[in-house]
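Here is a friendly walk through one structure. Keep the sequence and the 3D view open while you read.

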Amino acid sequence: MNELDLYREVTRIRALELLLHRYIEEHGFGGFWHPGLGQEGLQAGAVSALREDDYLFYAHRGLGYALAKGMSPVTLLADLFGKAGGSVGGKGGGTVHFVDPERGVLGQGGTVGSSFVLGAGAGISAQMLGEDRVVAIFFGDGAAARGTFHEAALTASVWKLPLVWICENNGWAISVPISEQSPTEDIADRAAAYGVPGVVVDGQDTLAVRAATEEAVARARAGEGPTLIEAKTLRVRGHFEGDKQGYREDLVDGLEVPRDPLALLREGGAAPAAEADRLDAEARDEAEAVLAEVLAMPGPEPDVITEGVWA
Amino acid sequence: MAEVPTLGYARAINQALAEEMRREGRVWMLGQDVGRMGGVFGVTRGLYEEFGAGRVRDTTLNETFIVGAAVGAAMTGTIPVAELQFADFMMIAGDEVFHKMAKWRYMHGAQLSVPMVLRLPTGVLGGVGAEHSQSLEVLGMHFPGLKVALPSTPADAKGLLKTAIRDPNPVLFFEHKGMYRTKGPVPEDPEFLVPFGEAAVRRQGAHLTVVATGLMVPRALEAAERLAAEGVELEVIDPRTLVPLDMETIVASIEKTGRALVVHEAVRTAGPGAEIAARIQEAAFFVLDAPVWRLGALDTSIPQSPDLEQLVIPSGAEIEAAARALVAL
């Protein structure tokens, strides 16, 4: 994917983020939407380093991961709104679930931090079947506290499983700042305990995230085991849309993204202004059209409730 | 017809694992000490030597990994058979067992499946205490998406495990660790399978239907033997799998006997017997001549003393006494 295409992915994710924000403000929302505003570059940058058949366990902050993996925005929004036409047909739980086995998108749990152990299992399958697939596992700084990380990291490192852990450190585990969650400034320091590389990267710098992920993916694909990437980012909005964030002193309650990944891509020359403007406009049009299409979709029929319990 | 060889319950499980791993290269195992040691109970002995460290994987003390990695592997093309050293340790991996294993397929619109088996040494053993002796199979009944097998003979241990490994759904396989040395005839045919959802009628009788699972099956048969001398004939039914549960065989028996006693090693309150008894009265109320009774463990934790432990779970004598009283009602 060239840099302009990467810009296109980031701005597509941004357009959906902004549109969903507006929609939820105007109409409310029957679930939890955990905005990923400001983290789009990180998500698209990391996913762009994956092959189509690599596995993806995404986190709950936004739709960027799966969109960048090639899933249709119509499918993703349909899942978000619990429509029949989504990939899970209205059966996801907690925050939005979506799945696409053809593209290696394996879903997420409603319990944060549960992908560490599942992702390790996908890595075992790849290793046993002699495939050179890699498993990317996204998580936040909050999820990094889960025991599942330790349990998975320990054995995955010993077994040299083809994993890339991508921590989106936005500085807040809901209401608890990183300084009160972690004895070290960098979560990446924890990699040392597992004898794997721990890499800190600027999460607003899409190309830097992509470069770090490419290196980790190459290492995993070569059978050298996992890498922990910590992408330093920020949380522009609340934990979920509607979170008043009374606990935050650094709060700028708006939509402005400090160190905006789109602006950084433009400044770095990845997207010339005229091209970037055109892509931004296309992305906004796409988002509007997708939302209109999804809102017009029917909800699931009651008879699907008992389907899919058993294979 | 060739004679069916006699084998221990643990050895029968070992044979099932070996046969299925020979049949299908995607079947593999993981758990604490399942490799070099051959399992804390010796059940997996020899498999590491035959199949190697890549397919018989020793883990550390990380139950969330053991179960969670099995779930992740199952949805990506391999067939894991995970072992927890004690069924009680399901609680440590509760999110992995009851959410991920049970629900991943459903909450992802049936786009993925989770063909895996979780082997769970269950029940009292003689002095291993409150957190290593429980019978927790009812939990599998309470979380839709999990199948539950509970063999009471070596042949069923083998045949049910082979079926479990071939099932496209996740299975909780409760093997009674107090029965590992029980011997019985075990067919050698590699295609010997025991289907899920088909109860076994262990003994025929006209006066009372006893629905028993696991270790309670031999105890119920022992009670039936003694009562037969008094002219009381028990029909002993072993469901073998709790999910799916063969109510048809149970109800057909009660239509004949008019009475039912459900016996399990699990705690009596909200044990599997509560569900089975409720389903019996829903399906067979008008043929019942007496209330449905349940026998289960006392509502206490399992004490460590082997003597006290046996007083907590139903004995053959208690089954006999309950059956005698129920028939006389």
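Which strands and helices do the buried residues of helix 5 of chain A pack against? In chain A they pack against strand 1 (55-57), strand 2 (135-140), helix 6 and strand 3 (163-169). In chain B they pack against helix 3 (63-74) and helix 4 (94-107).

Before going on, note that this is a predicted model, where local features need pLDDT of at least 70 and side-chain atom pairs count only at pLDDT 80 or more, while totals for chains, interfaces and linings use all residues. Residues are numbered from 1 along each chain as its sequence is written, and chains are lettered from A and ligands numbered from 1 in the order in which they are written.

Helices (H or I, at least four residues) and strands (E, at least two) are DSSP runs, numbered from the N terminus. A residue is buried if 20 or more other C-beta atoms lie within 10 Å of its own, exposed if 12 or fewer, and partly exposed in between, with C-beta atoms placed from the backbone. Two residues are in contact if their C-beta atoms, placed from the backbone, lie within 7 Å.

Of its 14 residues, 12 are buried, so helix 5 of chain A is largely enclosed by the rest of the structure. Among the buried ones are A:Phe116, A:Leu118 and A:Ile124. Just after the helix, A:Gly130 takes a positive phi of about 70°.

The contact between the chains takes 36 residues from chain A and 35 residues from chain B. On the chain A side, helix 5 (115-128) and helix 6 (147-158) are the elements that give two or more residues. Helix 5 of chain A gives the most, with nine residues.

**The sheet of chain B**

Chain B has an open sheet of seven strands in the order 3-2-4-5-7-6-12, with mixed pairing. Here two strands pair if DSSP finds at least two bridges between them. Strand 3 (56-59) and strand 12 (241-243) of chain B are at the edges with a single partner strand each, so one side of each has no neighbour in the sheet. Strand 2 (residues 27-32) and strand 3 of chain B pair in the parallel sense over four bridges. One residue pair to look up is B:Gly31, whose bridge partner in strand 3 of chain B is B:Asp58.

**Two domains in chain B**

An automatic or database domain assignment sets the domain bounds, and for chain B it gives domain 1 (6-185) and domain 2 (200-328). Their centres, taken over C-alpha atoms, are separated by 26 Å. In the contact between them, 25 residues of domain 1 of chain B meet 23 residues of domain 2 of chain B. Helix 5 (138-142), strand 6 and helix 6 of chain B each supply at least two residues of the domain 1 side.

Most residues other than glycine have a negative phi, and most peptide bonds are trans.

| Residue | Phi |
|---|---|
| A:Ile174 | near 55° |
| B:Asp33 | near 65° |

A:Ile174 lies in the loop between strand 4 (172-173) and strand 5 (176-177) of chain A, and with 14 C-beta neighbours inside 10 Å, A:Ile174 counts as partly exposed. B:Asp33 lies in the loop between strand 2 and helix 2 (47-51) of chain B. Finally, the peptide bond from B:Val243 to B:Pro244 is cis, with omega near 0°.
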